Structures are given as structure tokens and as C-alpha cells.
Amino acid sequence: MTYESMLAETVAFRGHKGDVGEAYYARPLGGGPWPGIVLIHHMPGWDEWIKEATRKLAHHGLATIAPHLYFREGPGSPDDVGARVRAAGGVADEQVLGDVAGSMEFLRAQPYANGRVGVIGFCSGGRHTYLAACSLDGIDAAVDCWGGNVIVDDPKQLNAKRPVAPIDLTAKLRCPLLGLFGNDDENPNRDQVNRTEAVLKKLGKTYEFHRYDGAGHAFFNAARPAYRPEQALDGWNKVFAFFRKHLATAAAARAA
Amino acid sequence: MCSYIVEKAKLLGSAKGPSGWMRIDTANVYYDHPFHAPLDHALGIDFISEADGGRERVAVELSAASARELAAKILAALATGEVEHGKAARHAPAPVPAE
């Protein structure tokens, strides 16, 4: 019998401009070395499903940190804090990138780290992932799960907090990218996913896109009617395979 | 859809939250992913007092059909109420716009 164990807890991390915030961190116990993952939460915030996903990645041999991107609006429950952020028009891209970079530093500072770091994000976090993969050094693999607004068709959507459409940064993409999308999603819709892939292809980037019939937005999320167990199972397996391929040493083999 | 689109309604009134009654001056209204309701998208309303910093809220997350039903019932209740209490309703103070 294989002994399995993990530790999941709230930790402090140093993010954008040195601000210290809270993050949820789950890692396998045992010697490692383990790859690290930064999990970027979705627009509703740092909720229970995000923490479940963090533990799921740890179960598969990935030390995973999910920074609370709204911590500066605290204290308060994640939903109340998220409401304040929404009312303020969301968080600035620059701040998110700083928090992701700080989370990567946290991961690499751990004694059991194998030195390789991936990023995964859902919904708005998928967009943040694309942005990070095009903007930050040190990301070895990135997974964009149905990130909307990577392509910005209406320039009025650009503002001081989100000044650049991520698609326009694609030339700077510096790691392999996995994209998972539901064909019934409206943001990103099929056309936008196709156009994103066309840009990646044209620029010779390393990427994998997988599209799922019968699925829309957020089809991993078991707390929503959008949940599609069959597609989610396949999608998660693609995530683990992608991270194993690009990040793993001996990690992730345990739960595969 | 992660849209960040919020409609703001200026209000005059009160709401009862975890700390008891509070005055409110704003409703932030949006249609997006909910935090709690088992829906893919929900009409959310956060009743807050911006004048007091907006940190406490009374929140609801409703299905689109529920929200439309509620909007219709609000208008219906006002219409019947104004018949019964016409002068009082018409002479109620108007909301004070935020600075």
C-alpha cells in the first residue's frame, strides 16, 4: 500500500510591490522534489472550488499555491471582498502579474521544489494565465482554462486596469501553452478560440488546444450546472499530462 | 462572464445585514458568475453604503427569471401601494446623489 499525504493550509506570500497577502497552498508530503504551480482564481474569487482544485493538483504531485488576488480589499470573507473588487472594476493586470511573480518566488524558495513552475487559471484567471505566460520570466508551462477576453474586439473594454489585449502579447509567449475550451462558451466563443489558435500557430508557438462539445464555460466546476463530468475528467487528465511533460521530474507519477 | 460590468443604482433606504440595520445609498447590480447560488450566471445585487465606505453589504444572487419576477413585483407593489398611500409615496424624499 502506498502511503498518501498532503498538507493544505493558508500561507503568507509577498506579491506586487512587496505587499504581503494570503494564499492557499497545498503540497504533497514526502521528499519530492515537486514542481510548483500557481493557480489563478476565477472572477468570483478565492472560493471553495478554487481550494478544491488546489488540493487536486497537490494530489497529483504538484505543490500548488492559489494566491488570494483580492486580499488588498480585505479583511472579510472572500465573497464580500470579491464584491468590493467587482464594484471597483476588477483588479489591475499589473497587480495580478506582480502577485503571480511573488507566488512563483514562494514556490521556488521551498526546499523540496524541483525548480520548475507552471501556471493555471480559470475564467478571468485563464486570461491572467495567458498574460503571465507572455509577460513573466520563469514560467515553464501555462494552462488557460476558458479565459475570456484574451481577444478584445471592442477597444472600449481596454482601460487603465486592463490596458492591453493579451492576444497582442502572443509574440512574447515564452512557454508551452495548454488551452481548454467548451464549444458552447460565449466568452471565449468558438471564433475567438479559433482566432487565438491562429495567432499561436502563425507565430510558431508551442501549444495544445482542446475543445469540448457539450460543454460551455467553467465545465470543471462541480458547484455549477455547467459541470460536465465526462469532459472535466478528460480535461483534468490533459492538465496533469501537460504538467508532467513540461514540469515533472519524478513528480506526479504517484497519482497518475 | 467575468465581465466586470456593474450597474450602480443610487438609493435612499436601509438594509439589514449581519451587524443589524444600516443605511444604504447604492445598489451594485450585475449579471455574472455567482459566489453561492447554484447557477452558471446570476443577477447579483449588493446593497451598500458608499458614504460609510461600502465595506458591509447585503447581497442577493438570483436566477435571471427570478430577477425579472422580482423587478415586476417591485413595480406592482409600488403601483398598488401608491394607490393606497398615494400622497406619502409621491412625497417621499428623492435619493440623494453621491458626491
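Predicted model: local features only at pLDDT ≥ 70, side-chain atom pairs only at ≥ 80, totals over all residues.
Local features need pLDDT of at least 70 and side-chain atom pairs count only at pLDDT 80 or more, whereas totals for chains, interfaces and linings use all residues. Residues are numbered from 1 along each chain as its sequence is written, chains are lettered from A in the order in which they are written, and side-chain values use heavy atoms, without hydrogens and water.

Beyond its neighbours within four places in sequence, B:D46 is in contact (heavy atoms within 4.5 Å) with residues including A:A83, B:T26, B:Y30 and B:R57. A salt bridge (side-chain nitrogen of Lys or Arg within 4 Å of a carboxyl oxygen of Asp or Glu) joins the side chains of B:R57 and A:D79 at 2.9 Å, N to O. Three salt bridges are counted between chain B and chain A. Strand 2 (residues 20-32) of chain B contributes the most to the side of chain B that touches chain A, with three residues.

Across the interface, 18 residues of chain B are in contact with 27 residues of chain A. The buried area (accessible area, 1.4 Å probe, that two parts lose on being put together, summed over both) is about 2,100 Å², and carbon and sulfur atoms give 56% of this area. B:Y4, B:F35 and B:R55 supply 38% of the area that chain B buries against chain A, more than any other three residues.

How values were computed: Helix = DSSP H or I, 4+ residues; strand = E, 2+ residues; numbered from the N terminus.
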